[in-house]
Every structure is written in structure tokens, then in C-alpha cells.
Amino acid sequence: VQPIPCMAALIHEKIAKGTSIPALDINTTCTSFITALDTMSYLLEAGRYKRVLIVSCDVASSALNPNQKESFQLFSDGAVAFVVEKSDEEVGIIDSTLKTWSEGAHSTEIRGGLSNFHPKYYSENTKEEYMFDMSGKSILALCIKEIPKMFREFLENNKMKVSDIDMVVPHQASVAMPIVMQKLGVAKGQFIDEVKEFGNMVSASVPMTLAHGLEQQKIKNGDIILLTGTAAGLTTNMMLIKI
């Protein structure tokens, strides 16, 4: 909504004003939900908090460049929230990992608006600096190069095979997502693909896909699921959860 205060404080104002419940932003753009769930799980496990509300929301349409058809036709707006708490049952997060390859730092970006390209420089000639800019081909090439190895190592560290995963809940990054799933050895029907219906909802993408999977019973009690996605940076998250 605005650079200061953090978005969490503005959500707090709407739903918890008058309380002192702590609020903070956790931002890895498209994979922020997975990063937040991973980070807060340690505080729940340590007993710092009993229950955490994670809100993921983006209004991507406000920053899209109509001259860049690839991103203009792909991104959409969305908001979703999950309440998470510690459990004594044998369910929850099994393991999580995050890696960043900064070779892709400028493949997905908005350059203008803060100190790098100050708002005072905004003009008709510079307005595209303040819009979303994406090079889909370079992102896909980096993903195909790095993510399969990351996935193999993640499974090996947990003594698991792809067949042990009941359902993959991926970030709906683009229509090329099935290509990445194929490179990972994930079979058709073993992952949820909603990008044609809902587009790329940025940080809301993974939790919205997870919510739909639960509602439509594609994900059931006892299932082992993988949350995964790529984000600007280039950052990749993977998280194994037993439902």
C-alpha cells in the first residue's frame, strides 16, 4: 500500500486496532507465504506465540506495463489468509529450504519508487521504470538449470522420493509451470495447475492454490504435500508438509 509503515501494521489497523498484537512483514515476493510459514514455525515451536495469522496479498494490476504483453496478460490480484498454530500431532512441516541465485536479480523487478530511482524522477518518459518488468525466458532458463538439482538434494536430505509426495502445490508462475514440473519428475495430476484460471497472484498464489486444493479435496488428511515456488531474486522455496 505504501513504503512506511509495513503492510502488516496497516492490516493490523483494520482488524486488530486497540490491541498490541505484533505485526511484521516478511517479503520474498511470490514465495512470501512459504517464507513466512517457515520463519514463524520456529517461533511457534519455541513457544513464543500460540497462533499466527499469515496474510498474503498483492494488487499486481496496479504496477503492470500494458506494453509488456507477457506479464500484462499473466498477473492478477489476490488475497488469502491462513491461521497456523503448534500441534502435538504428527502433522505439520517436515522440512523447508530456500535458495537465491542473484544472477536473476534483475530479471523480475520494479526499479522505480524508492532510493534506486526516486519518485521525484517520475515523468512520462520514465514511467516504465515504475512498472513491473520481467524477462520470462531468462527466468525459465535459470529455473531449469538450478531447481532440479535443488529438488533432488532436498528429497535426498529427507530420504524421500518424488513418489512419496501426494500433491505438489506450486506457485502459479506462468503457463510454463508444467515444463518445470516435468523437469522435476512430477507427474501430471501430481500437481495443481490453476494458472489459466487465476493467473499469477504473486504472494497470494501459493496459499490460494493450497486453499483450493483443500476445499476441492485434492489434498486430504494424511497427505504429504510440497509447497514450492520461484520469486524475484531469483529465490526458490520448497517446503514439505504432512496434512
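Glu85 is partly exposed, with a relative accessible area of 47%. Keep in mind that this is a predicted model.

**The Arg51–Glu85 pair**
- Arg51 sits in strand E1 and Glu85 in strand E2 (residues 77-85), so this bridge ties together parts that are 34 residues apart in sequence.
- Arg51 is exposed, at 55% relative accessible area.
- In total, the structure holds 6 salt bridges.

**A network of charges**
- Side chains of opposite charge can pair when their charged atoms come close.
- Glu109, Arg111, Glu129 and Asp133 are joined up in a network of salt bridges.
- In one link, Glu109 meets Arg111 (2.9 Å, N to O).
- Glu109 is buried, with a relative accessible area of 17%, while Arg111 is partly exposed at 24%.
- Arg111 also meets Glu129 in a salt bridge (2.7 Å, N to O).
- That Glu129–Arg111 pair links distant parts of the chain, 18 residues apart, with both residues in the loop between strand E4 (108-109) and strand E5 (133-134).
- Glu129 is partly exposed, with a relative accessible area of 24%.

- Ile15, Leu53, Val55 and Val83 make a nonpolar surface patch of about 360 Å².
- Val55 belongs to strand E1 (residues 51-59).
- With 34% relative accessibility, Val55 counts as partly exposed.

**Helix H5, one side in and one side out**
- Which residues of helix H5 (residues 177-184) are buried? They are Met177, Val180, Met181 and Leu184.
- Looking down the axis of H5, you'd find these buried residues within an arc of 100°, so they line one face of the helix.
- The face turned away from that buried side carries the exposed residues Gln182 and Lys183.
- Cover for the buried residues of H5 includes helix H4 (136-157), strand E6 (167-170) and strand E7 (224-231).
- Just after H5 comes Gly185, which takes a positive phi of about 85°.

**What the UniProt record says**
- The unreviewed UniProt entry annotates residues 24-100 as "domain: Beta-ketoacyl-[acyl-carrier-protein] synthase III N-terminal".
- Over residues 24-100, the chain is 23% helix and 35% strand, with the end C-alpha atoms 22 Å apart.
- The unreviewed entry also gives residues 155-243 the annotation "domain: Beta-ketoacyl-[acyl-carrier-protein] synthase III C-terminal".
- Over residues 155-243, you get 29% helix and 22% strand, and the end C-alpha atoms are 18 Å apart.

How values were computed. Residues are numbered from 1 along each chain as its sequence is written. This is a predicted model: local features need pLDDT of at least 70, side-chain atom pairs count only at pLDDT 80 or more; totals for chains, interfaces and linings use all residues. Side-chain values use heavy atoms; hydrogens and water are left out. Patches are made of residues with over 30% relative accessible area and no salt bridge: like charges are joined within 9 Å, nonpolar side chains (Val, Leu, Ile, Met, Phe, Trp, Tyr) within 5 Å. Accessible areas come from the Shrake-Rupley method with a 1.4 Å probe; for residues, only the protein chains shown count as cover. A salt bridge is a side-chain nitrogen of Lys or Arg within 4 Å of a carboxyl oxygen of Asp or Glu. Helices (H or I, at least four residues) and strands (E, at least two) are DSSP runs, numbered from the N terminus. Buried means under 20% relative accessible area, exposed over 50%, partly exposed in between (1.4 Å probe, protein chains only). UniProt positions are given in the numbering used here, feature names are shortened, and annotations may be inferred rather than shown by experiment. The arc is that of the directions from the helix axis to the C-beta atoms. Contact means heavy atoms within 4.5 Å.
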